[in-house]
Amino acid sequence: MVSGEPAYLPATPFGILKLLEYYKIETVGKNCVVVGRSNIVGTPVSILLSRKGYPGDCTVTLCHSKTANMAEICRKADILIVAIGKPNFITADMVKPGAVVIDVGTNRVEAPEKPSGFKLVGDVDYDEVSKIAGWISPVPGGVGPMTITGLLLNTMTAYKNKYRHLTDGDCDNCDNDECDCEDKHCDHHGHNCNSH
């Protein structure tokens, strides 16, 4: 991942990249601030967005619990990605007007008005930040489904890599070097080309 070589990406950062692509959010040359340095979200997404190519080519700042002047740093972000695990941590005064805000947090908070007695909120104060952000992901329903998308894309890639011989026009599992069957019905369990 760090070197840019093909890799199975962590599902949530992968989903965030797909979100940026789908909504055609410009990343090249943008100032991106990532709040949270976990091994599964913050650190990998900071690396991915700093890599060459789209979505990437950002100038990335990675903030964490020991970061001084975090509000000031966040206000400079064109893209703000928050994965710190604290409900409503990012408030409107910490966000640059027009910024893209991606809320990765999922926090269960008390809500006596709900039948369950709780509700899910993100790490961003959605009600206030949505008034000034140019684009913001909701919680629930934003990054969560994109994490599933990232996981499914990795699963499909793994399947294709494992069974590439079934779809790439080569009959790798049979002993017949002359194999030119069009439909390649290879039995990958018995390693026989069934179309002969």
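Predicted model: local features only at pLDDT ≥ 70, side-chain atom pairs only at ≥ 80, totals over all residues.
I take buried to mean under 20% relative accessible area, exposed over 50%, and partly exposed in between, with a 1.4 Å probe and protein chains only. Residues are numbered from 1 along each chain as its sequence is written, and side-chain values use heavy atoms, without hydrogens and water.

**Entry 1: the loop between α2 and β2**

I assign helices as DSSP runs of H or I with at least four residues and strands as runs of E with at least two, numbered from the N terminus. I looked up Pro 55 and placed this residue in the loop between α2 (42-50) and β2 (59-63). The peptide bond that joins Tyr 54 to Pro 55 is cis, and its omega lies near -10°. Asp 57 also sits in the loop between α2 and β2. I noted a positive phi, near 60°, for Asp 57, which is a residue other than glycine. With 31% relative accessibility, Asp 57 is classed as partly exposed.

**Entry 2: the loop between α1 and β1**

I then turned to Lys 24, located in the loop between α1 (11-22) and β1 (31-35). Lys 24 is not a glycine, yet its phi is positive, at about 50°. I class Lys 24 as exposed because its relative accessibility is 70%.

**Entry 3: the loop between β7 and α5**

Where does Pro 140 lie? I found Pro 140 in the loop between β7 (135-136) and α5 (143-162). The peptide bond from Val 139 to Pro 140 is cis, with omega near -5°.
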